[in-house]
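Hello,

Here is the structure you asked to take over. Please open it first, then read the notes below.

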Amino acid sequence: MNKSYTILLYFFLYLCLLILSKNVFALEYKSYGYIQPEFSYFIDGKGKYNQSEDKSSVFGQGTFITYLHEDSSKITIRAIGRYDDKDNNRTYFDLQKFKYEYFLDDATLSIGNDIIFWGVNESFHVVDIINQSNLAENLAGTKKLGQPMLALSLYDEIGDVSIYVMPYFRERIFPGNNGRPRYAAEIEKDTVSYESSKEEKKVDIAIRFSKVVDDFDIGISHFRGNARDPELTVNQSTLKLDQYYPILSQTSIDIQATKESWLYKLEALTGKVESENHIKIAGGVEYTFYGVNDSPQDLGIVAEYLFDDRSSNPFNNETALAIRWNKNDIYATTLLAGAYLDLRGDSNRFFCEYEKRLSDDLKLFLDASLNGHINSKDFTYAFSEDSSLTIKIAKYF
Amino acid sequence: MNDKFTYNILILLLSITVVFAETSEEKGLEIAKRSYENSRGYTDSQSDQLMILVDPQGNEVIREISGKTLENHDPNDGDKSIIFFKKPKDVEGTVMLSHTHVNNDDDQWLYLPALGRVKRISSSNKSGSFMGSEIAFEDFSGLDYRKYDWNYLGEEEYNGEICFILESYPKYKNSGYTKRIGLTDNLFRARKIDYYDRKGELLKTIYFEDYKLYLDKIWNADTFKVVNHQNNNSTIYKWINRELNVGLNKKDFEKSSLLKLAD
């Protein structure tokens, strides 16, 4: 069946659910979402791999929440999807959340798809591991896929403990051949291999301890399961990239200290893949000048650094710098501008994101992504001609 | 005359002097304290809150949140609150938890739905605009007598009632104000407060309206009307369906509680 029909079908089912719950079950619920058409123009003309100089797509998201049994349990659904006119991999539907939660006095039991975020950084999300990324959405990997899980959280004075049991693994989504940006070689979807003999049915486990101590928010986590990030190797017969998911064991810590207008952040992990150990550390600061020049406006500064001890990792010595201007007007006008810099000088990328509310239910987004110097041996060289300007308008309902 | 009589007279004279010697600062503090205690004495509350932001041309925009509050009975600490944003629609699903402190920065966490992330945020900005309105976060606890130094200035007629005139100076170093002058009626309810900005100029006036008696003892203004004299914007802030003592406790106001309310 064609993907767009599947998306329409899901959307129809979602609407039925809303109408049914209101009229038949008389449930109290919250429901909200948005539809967002987007258009991008690539300023360097056609792409390195002959991709089109523009792309159009429509993104949609719908959230539904209802509480049952006098608020002792809750059902949450968050469905997202996109139709992209060029890249078939970017046309998808996903149930990011489709979960039932049961609340006890000092515990929550949850079953179903969920999005779990760990970490404190703005740019380098080092310790976040539970959910798979959809790289067709963006290469930064911030758009996640719903992870099926059984989760138990226990709340205590000593701290909170959450245990996650994940019975099914989701493969990473990569940009397709017509995607822009895309990888230098095509990524093979049909011959994915795993270290674990149980493959995607391997049960992944994670545990996290978290606690707030005065100005410090601390999290310590351990994960064991299929790595979210596959090893990509060139298949000599097809010349495509084959995906291989090894087993990853990783222990991490994330700390944020909040001292007046300063936020100090640190994420660090030690991981083990196929008996090789690695270390990854990222951290930095965020500072906000409130009420600049006695106006209501705020100006924030973010500076973060990333280190990975694997020299084979293209992102092992990076820094991210950004300023965030918040006008604090009724249109919630904000501007975020910054740079990702490889400290060896192999690749630099600049970005600028402007957003403004147009009316109660319309919001405008303007994004620019500009490549600076990129070394032809760098991994990101494949994206070096993909500088783009994007306009998005979200209609909320 | 015996010594005892002289002694008693002396004591009497002394105590009269003490009563008359109550300074304007002490009288101001006493009134402010009674006014604050007038609005307290519950355990927890929940309500829907509606804001109408009006610009000088009369254009209106609506903000809507629902909130829960846990009253803190610790004499040195502030209340806890958790709010769920509903309007404007682009922030619907965002949830904010605050553990307020009397004369220090609050502890605040935001649940951001896009990433599913809970972020601890700096709260050195208690004087900043709340959701683009003319209300600042610090105004929600503007009746807390512990946050100010007080001075009683006299009496004044306001809407046909004799009110106390109270002057107050914030103790909190990041406050957006240098001075406030307010009127409090003889039921010890604040009726209006003028706020002076960091330069000492008149910034805004908050009018406290729609007073309602809750649980037969607690006076709460269900409407704040804020007029900004510098940019001529105004905000009408209404509490709707305010219910006290619905059975919330400390556990409903932890960082982990954000995820229970979150999508």
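L232(A) has Q243(A) in strand 12 of chain A as its bridge partner. Strand 12 (residues 241–245) pairs with strand 11 of chain A over four bridges, in the antiparallel sense. Strands (E, at least two residues) and helices (H or I, at least four) are DSSP runs, numbered from the N terminus. Two strands pair if DSSP finds at least two bridges between them. The open sheet here has three strands, in the order 8-12-11 (chain A), with mixed pairing. Its edge strands are strand 8 (193–194) and strand 11 (231–234) of chain A, each pairing on one side only.

A word on the basis. This is a predicted model: local features need pLDDT of at least 70, side-chain atom pairs count only at pLDDT 80 or more, and totals for chains, interfaces and linings use all residues. Residues are numbered from 1 along each chain as its sequence is written, chains are lettered from A and ligands numbered from 1 in the order in which they are written, and side-chain values use heavy atoms, with hydrogens and water left out.

Chain B has a mean pLDDT (the predictor's confidence in each residue, from 0 to 100) of 91, and 92% of its residues reach 70 or more. Confidence in chain B is lowest in helix 1 (residues 3–20), at a mean of 59. Confidence is highest in strand 10 of chain B, at 97.

Next, helix 2 of chain B. Its buried residues (under 20% relative accessible area; exposed is over 50%, partly exposed in between; 1.4 Å probe, protein chains only) are G28(B), I31(B), A32(B), S35(B), Y36(B) and N38(B). Seen down the axis, they fall within an arc of 155° (taken from the directions from the helix axis to the C-beta atoms), so they line one face of the helix.

Now the salt bridges (a side-chain nitrogen of Lys or Arg within 4 Å of a carboxyl oxygen of Asp or Glu). K251(B) and D106(A) form one, at 3.2 Å, N to O. That pair crosses between chains. K251(B) is partly exposed at 34%, and D106(A) is partly exposed at 35%.

D79(B) and R40(B) form another, at 2.7 Å, N to O. They are 39 residues apart and link distant parts of the chain. Both are buried.

A network of salt bridges links E122(A), K265(A), E286(A), R324(A), R117(B) and K119(B).

Best wishes
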